[in-house]
Amino acid sequence: MGVISSSKYLAGTALLAMAVAPATAETLREALAKAYATNPTLAGARADLRATDENVPIAKSNGLPQVTLQSAYQENVLVASNSFASPLRQVTAQAQATLPIYAGGQVRNSVTAAKVRVDAGRASLRRTESDLFTAVVGAYMDVIRDEAIVSLNQQNVKVLEVNLQASKDRFQVGDLTRTDVAQSEARLALARAQLQSAQAKLISSRESYVRLVGSTPDTLETPPDIPNLPTNADTAVDVALRDNPALIAAHKQADAAGFDEKAAHGQRLPKLQLFAGTSYYNYLDSLQVSGFGVQQSGNAAQGGVQLSLPLYQGGRPSAQIRQARDRRTQAIEGVTETERGVIAQTRSAYAVWQSSLDVIQSSIVTVNADKLSLEGVRAENSVGNRTILEILNAEQELLNAQVQLVTAKRDAYVAGFALIAAMGHAEARDLGLDGGALYDPVQHYDRVHNQLSDWADGNSPGPYATSTTGSKAQNATVDTVREPVLGAPIDGTVDTDAPNPAKADKPKR
């Protein structure tokens, strides 16, 4: 495999490109598209980003004109006896407009901080997408793995049932002892218990799939190979440090905290604003003074420039600056923490992927060897050179090897996807999802960031994700053996050339 390119495009279309599947089967692409469209975690993350978008017009509003109107109606119930110009009632109205000219840089830096946090929010949304898709891939492969394990255990139970009946028949003719029959009965009981455990795990995996995807995993197609995986861990880490959305979000949060600190410094600087106002009064002909030219109504207007210079504020500005600096320090340390996590996650995923590929190869050899061993033990038992217990042990070893192979193939595929997710290349646009228009977070931002109206409330909230209350309870029914490599009878041979969903070129260490 070649070193992954620096382009964010990861041949995503190829990742989920599938051959035409049966009409009743669901592909991994379809499962991811359903989760993308209906998952509540992702829908909630989108709403959170839209709320973050609104911080930009909120910050901008502090630098825009403010217009207020006040009015009052007043009844003077008791008038002092020495008051000769007090009306019995009056109506007043005042209108005032202010326009900030300079606020010590608070508005400018607050707006910039809000915009940077929007960028951080978009990166966080990308991370949520990536995390969701990784979980869906895990759930998808869990169902395939557990269906295969259930099939293997069902097959094992059938074989042991035949073994037990054969043992009883041979006991009747004196060829075996009661001990041999008891051993067959015990191993069959154990196999049935293992089957029940595997069925319970399959039900759990299917319910997890329903929780993430929103629909039942009736028939799942074997997923395609994952292309463009890195050739070594260092390459993967280099890409992850550049493209991982969690790390990008952490850097943006640290940048925003720097602008918060600059805004806090503005608390100590002068503020300049223009103001204009007008007022109106009307005594409603209730003013009792006459002959002195007193009007029953009138109006006035004012305008000017106001400059305020804070001299002492009880230590509040210094406390706010220190607070902003400590929060910036926290954000900077958050970058380092996230960076460490990304490196560890990437290297761990790479190691698990490599290890699983090794286990797959070893397990294929083991399954082949165990099947040949089982055939030999059975043949030798027929001539009296092997015991029933040795046959039972050989059958159990074969089952264990088959389960290990199925599990390793699942682990390799999930680790491979987790690896490209850690590298920042497992989001909707990377995967080429075509289940509908992709969500564009920029559209909402463009609509609201310059919104000046006080009455543009937007849409009423409502659920976007689908409910699963109407979904049927999952069961452990398995109609067919899902793993081609395990499709042969338990005492047959393994086709090592069968399709392998976790197959990949083995990287050089």
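This is a predicted model: local features need pLDDT of at least 70, side-chain atom pairs count only at pLDDT 80 or more; totals for chains, interfaces and linings use all residues.
How are helix 5 and helix 10 oriented to each other: roughly parallel or roughly antiparallel?

1. Overall make-up. The protein chain has 509 residues, and 41% of them are buried. Its secondary structure consists of 12 helices and 4 strands. The accessible surface amounts to about 26,800 Å², with carbon and sulfur atoms accounting for 53% of that area.

2. Contacts along the sequence. Take the contacts between residues at least 6 apart in sequence: 85% of these join residues at least 24 apart.

3. The helix pair. Two packed helices are described by the distance between their axes and the angle between them. For helix 5 (residues 106-172) and helix 10 (residues 388-422), the axes come within 9 Å and cross at roughly 170°. Angles over 145 degrees count as roughly antiparallel, and helix 5 and helix 10 are therefore roughly antiparallel to each other. The residues of their contact comprise 19 nonpolar, 10 polar and 5 charged.

4. An open sheet is built from 4 strands in the order 1-2-3-4, and the pairing is antiparallel. Strand 1 (66-75) and strand 4 (297-308) are at the edges; each has a single partner strand, so one side of each has no neighbour in the sheet. On average, neighbouring strands of this sheet are turned by 15° against each other, direction ignored.

5. Strand 3 (residues 271-282) pairs with strand 4 in the antiparallel sense, over 12 bridges. To find a point on this pairing, look at glutamine 273, which stands opposite glutamine 306 in strand 4.

Conventions. Residues are numbered from 1 along each chain as its sequence is written. Side-chain values use heavy atoms; hydrogens and water are left out. Axes are lines fitted to C-alpha atoms, for helices over the stretch in contact, and angles run from 0 to 180 degrees between N-to-C directions. Helices (H or I, at least four residues) and strands (E, at least two) are DSSP runs, numbered from the N terminus. Angles under 35 degrees count as roughly parallel, over 145 as roughly antiparallel, 65 to 115 as roughly perpendicular and the rest as oblique. Ala, Val, Leu, Ile, Met, Phe, Trp, Tyr, Cys and Pro count as nonpolar, Asp, Glu, Lys and Arg as charged, and the others, Gly among them, as polar. Buried means under 20% relative accessible area, exposed over 50%, partly exposed in between (1.4 Å probe, protein chains only). Contact means heavy atoms within 4.5 Å. Accessible areas come from the Shrake-Rupley method with a 1.4 Å probe; for residues, only the protein chains shown count as cover. Two strands pair if DSSP finds at least two bridges between them.
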